[in-house]
Amino acid sequence: MGSGKSTVGRELSKCLKINFLDLDDYIEKKHKMSISEIFSKKGEIFFRKEETKCLQEIFEKNEDIILSTGGGTPCYGENMNIILQNTPNVFYLNVSIPELVNRLQKEKEHRPLVAKIKEEDLSEFIGKHLFERSFFYAQSHHTILVTQKDAKAVVNEIKTKLV
């Protein structure tokens, strides 16, 4: 969350002339409500199950796409295995905790997982989540350090690593 997955994905899409798909957008269109609404009305468990179904739907189409997932997507159920089995190009955009805090403070109200976290607790919250998720993120084919890089620099680095 806050690593720039969607921004980088859109830039990469333009550069490679491949369609971009944001998994959260896909879920929102399917359910005709925002991710925040899904979380509040149906709960996180429903959302996570739906995430898995949508991942499977997307990969079953067997189209060339650039897919941006939510930060928690790889960590739920078999999602990381589904992703790894369907593409040789899985990238983890790694951002330092201080930079994530700066980015997320600006958009907290749009992020259901951090919307109610106090500003002084945000760093600890992010650190805890990164620690818990690190096992899944480490399975990515490539890790890109994105701290203090703009989207174009990240896109250029990704392009050099594509299979």
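## Strands 3 and 4

Strand 3 and strand 4 run parallel, joined by 4 bridges. This comes from a predicted model. Strand 3 covers residues 91-94, and strand 4 covers residues 142-145. Across the pairing, Leu93 stands opposite Ile144 of strand 4.

The side chains of strand 4 alternate. His142 and Ile144 point to one face and are buried.

## The largest pocket

The largest pocket holds about 1,100 Å³ of space. Its lining has 47 residues. Closest to the centre are Leu67, Ser68, Asn89, Val90 and Phe91.

What kinds of residue make up the lining? It divides into 30 nonpolar, 13 polar and 4 charged residues.

Several elements supply at least two lining residues each. Among them are helix 1 (5-16), helix 4 (44-60), helix 5 (79-86) and helix 6 (97-105). Helix 7 gives the most, with 6 residues.

## Helix 7 and Phe131

Helix 7 spans residues 122-137 and includes Phe131. Is Phe131 buried or exposed? Phe131 counts as exposed because its relative accessibility is 66%, and the cut-off for exposed is over 50%.

How far apart are Phe131 and Phe59? In sequence, 72 residues separate Phe131 from Phe59. In space, the two are 28 Å apart, C-alpha to C-alpha.

Methods. Residues numbered from 1 in each chain as written. Predicted model: local features only at pLDDT ≥ 70, side-chain atom pairs only at ≥ 80, totals over all residues. Heavy atoms only, no water. Buried < 20%, exposed > 50% of the residue type's maximum accessible area, 1.4 Å probe, protein only. 1 Å grid on protein atoms, 1.4 Å probe; cavity = no way out; pocket = protein on both sides within 12 Å on 5 of 7 lines; lining within 4 Å. Points joined across faces, edges and corners; volume = space filled by probe spheres on them. Nonpolar A, V, L, I, M, F, W, Y, C, P; charged D, E, K, R; others polar. Pairing = 2+ DSSP bridges.
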